[in-house]
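Dear colleague,

Please find the structure below, together with its sequence. My notes on what was found in it follow.

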Amino acid sequence: MSRFRKGAALWGSLTAPAITAPIFAVLGALMLGALLMLATGHDPLAAYRAMLEGALGGRQLANLMATLARATPIVGMGLAIAVALRGGYLNLGGEGQLVLGGLASALVALYTPLPGWLLLPASLIAGALAGGAWALLAAGLDRWCRVPLLIGTLLLNYPARYLASYLVNHPLRDVASGMSQTHRVPEAVELPRLIAGTRLHIGALIVLALVLAAAWIVRRTRVGYELRMTGLNPSFARYGGVDTVRLGFGAMMLSGGIAGLVGAMEVLGTHHRFIDNALTGPLYAWTGLMAALLAGSSPLGVLAAGLFFAAVHTGGFGMERGAQVPRELSRVLQALMILLIAARGQLLTPRRGGSTAAAGKAGAT
Amino acid sequence: MTAATAVTAGAAATSSVSPALELRGIVKRFPGVLANDHIDLSVERGEIRALLGENGAGKTTLMRVLYGLYPPDAGEIQLAGQTQHFRSPTDAIEAGLGMVHQHFMLFPSLTVAENIVYGREPRRWGFIDRRTAARQVAALAERYGLEVDPGARVADLSVGLRQRVEILKTLYRDAQVLILDEPTAVLTPQERQGLFRVLRELAGQGKTVIFITHKLQEVMEIADRATVLRNGRVEATVRIADSSPTELCRYMVGRDVLPDPIRTPKSAGDPVLTVADLVVLDNAGRRVVDGVSFEVRAGEIVGLAGVAGNGQSELVAAIAGLRSATAGRVMLSQQDANTTSIAARRRAGLAYIPEDRNRVGLALAASVADNLIMADQRNSSRTPRLSKRGVLSRAGIERYATDLIERFDIKVASTREAVGNLSGGNRQKVVAARELAQEPIVLIAEQPTQGVDVGAAESIHRDLLAVRDAGRAVLLSSAESSEILSLCDRILVMFEGRIVGELSAEAVGADPAAEATLGLLAAGGAT
Ligand SMILES: Nc1ncnc2c1ncn2[C@@H]1O[C@H](COP(=O)(O)OP(=O)(O)OP(=O)(O)O)[C@@H](O)[C@H]1O
Ligand SMILES: [Mg+2]
């Protein structure tokens, strides 16, 4: 039996399409973008400098902090989707779970008579539980009412969003503020800022810890193994004795729980109240879904993809401000980059004989 | 000499006319493996050529190159003297090639008829004419003696039936050069005879057949010449008339293969698997297992014989817990197992080599190591330890996997290679290794040697006997009647969902026509 030479394996993994494809994609997108800007009479070099500055620079790295702050909910939501997707469960209900998590945490923070030190953890836990329960509902519909998970999770987004909208527009509204939002939560419940004067709060560290924990669990634990095998071939997992029903409920609860927690952390860390549309407007859930899909539901991959999406977004603002590239154009460029990454470099890298792709599809039955 | 014989003689002998098919210097590399190393192969019109070689020798790869599925790294393909550059199977089909794939290429959600006519559908006013399609397929099946239900969904079919569909699909397309990659892996002797009749007929019409198999008797029976591959190279090409199974074997493995082990008589112990009045419905609601009762006792190998599609697959799936029974009971070591989960059955000592290795027995995208530890990931008593308090032990898994790979002689580049990259026989060895390593009390072995080479089949037979001799039990379901006859203490024959006969080893040993009796029973004849 031929042993794998270590060096060859390392080199192989560095040049593997999984790593090179995104790099090609980004380069390709930058090139296309440059053409686009030349065609519309902008200086691509200046624009890209402004973009880089806008994403990573700024006075005292303020823009970098903005990118990290933006990445926090995106990575968090990406992780939420990824943990379920790893087992083959596509959770399209991240948005509803996120909103209900945020709402639940605001309610606990505002209306429970708990002592101050207990209020913060209680609010966070309430957020996670609300999100988890909402995801479990979809899992139950799938199991007992034959509503496919895909549809159940997607449809449950609407009641969650409108329920939250109704509550903050009517019974719970902070009328004095004149906006569709709740009252401000007590100061004791606010998540501490990591750096004063920025929006970056301690939730970023919590998300990072969750990513690392998830990566370890998926790769190194028994339940992670069972999750991976179920995702790759559920019949095989079942045949091997994995209780795929229980595993499915567990994965969905965890997925929804993380989404709910992300909502709670945005409410307690960024806005300090529940504001209508503040969690849905920036499309955190959908950007996170995209990150999870691109990363093939690997937690570390989600971290990379989420950071990248956040950087492209804040960089886009920088380009508007610094190089007068109109907002529309910067949006087109962002979309191009994401599209090219989604194609995983297939559009640009020459086909290596197409052999592995063909082989992968072969054993269909 | 008449004109007709002159033509056949001219076709079979090497002549100035270009051969029907010629491969020159074909090279195909995979990361870490040189699967085809400058292979030359030339096949005449009207010839049936056997392609032989151990598991992983490169047979399937060579045929996939020929069929346009893999571009060769070097080399040339000629059909009737014309150089071809196939960029996809569509090009190959266009040029008159047809292939029965070892790893079936069927659409599980479509019907049998839809799969067979796919790409060449009969049309009526521009729409696919389903009725004609079903009729054509039924006629084709009838003509070649390969019975199928044209309206059944492929996903609901057993592996044996899917193999028939693959064969019919290729016959439907009326190819000039037919490639059959282990078409007989799970066919019964009767079905095989039907197929051979077809192949002879096609060769008689001047078509060319390339036939991959591990069963040397089949080669002796059907082939004109045989080409043996070894480690990606052509070892020899011989005329069958001048050769023998022993010689072929020597070319394949480089040594003489041990004869199949002898089963020593042994008295059986207590029943460890009891099946009582079991009824199982198929996905269409038919009673495919119709009140079956039997026992398997410790120290016994009980065979389950029959033509594919007579309920064996469903019976076995119900015992393993993958399918639920509508009535009746399954007991393991005299404990009721009906209501228990698959995990509980496995804890009670059940192991299962399923017939469908690709869809049930393996996760093709997962690594060899991940596939080898399934069902054992929770077992904390085994050494080396695979997991500890819920955390996988990487060193233990690596050691365990390496050990099994060596013991079962599985050809892999590393324990981390995806199982989907392995050759068919090596995939089968992964499944067999995993289940045999469980040291089961009851082992259900369903087509356990399908696709493995003669050496590996012999070694798996030895392992099955070892399970029995260690005082445990085996239920062996196989289309291969020689396997059943040589290994089993008792043989149950299934026909249309019922057990229609039971033969004991003694009776079989005394009866030179045992195989024929078995065939008769399986076809529904009376005892
Ligand atoms: N897609 C692939 N990627 C990597 N390696 C592969 C791939 N396909 C085949 N191989 C390797 O190439 C070698 C030849 O495989 P092939 O499938 O041609 O064997 P085979 O002769 O058909 O064996 P079997 O009798 O088991 O079907 C094996 O070592 C196999 O692991
Ligand atoms: Mg093969």
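Ligand 1 lies between chains A and B. Please bear in mind that this is a predicted model.

**The site of ligand 1**

The ligand is surrounded by 23 residues, of which the closest are B:Lys59, B:Thr60, B:Thr61, B:Ser423 and B:Gly425. By class, this shell is made up of seven nonpolar, 12 polar and four charged residues.

Several polar approaches to the ligand can be followed in the model. The side chain of B:Thr61 has an N or O atom 2.5 Å from an oxygen atom of ligand 1. Two further approaches involve the backbone: at B:Gly425, an N or O atom of the backbone is 2.7 Å from an oxygen atom of the ligand, and at B:Asn421 a polar backbone atom is 3.2 Å from an oxygen atom of ligand 1.

On its own, ligand 1 has 640 Å² of accessible area, and the protein covers 96% of that area. Which elements give two or more residues to the shell around the ligand? They are β2 (33-43), α2 (59-66) and α15 (424-436), and they belong to chain B.

**B:Gln78**

When residues up to four places away in sequence are left out, B:Gln78 touches B:Ala20, B:Leu21, B:Glu22, B:Arg24 and B:Thr83. With B:Thr83 there is also a polar contact between the two side chains, at 3.4 Å.

**Chain A as a whole**

Chain A contains 16 helices and zero strands. It has 365 residues, and 49% of them count as buried.

Contacts in chain A between residues at least 6 apart in sequence were also examined: 72% of these join residues at least 24 apart. The chain exposes about 17,200 Å², with carbon and sulfur atoms supplying 68% of that area.

With kind regards

Note on methods. Residues numbered from 1 in each chain as written. Chains lettered and ligands numbered in written order. Predicted model: local features only at pLDDT ≥ 70, side-chain atom pairs only at ≥ 80, totals over all residues. Heavy atoms only, no water. Polar contact = N/O pair within 3.5 Å; in protein donor to acceptor, adjacent residues only side chain to side chain. Contact = heavy atoms within 4.5 Å. Near = heavy atom within 4 Å. Areas by Shrake-Rupley, 256 points an atom, 1.4 Å probe, with all protein chains shown as cover. Helix = DSSP H or I, 4+ residues; strand = E, 2+ residues; numbered from the N terminus. Nonpolar A, V, L, I, M, F, W, Y, C, P; charged D, E, K, R; others polar. Buried < 20%, exposed > 50% of the residue type's maximum accessible area, 1.4 Å probe, protein only.
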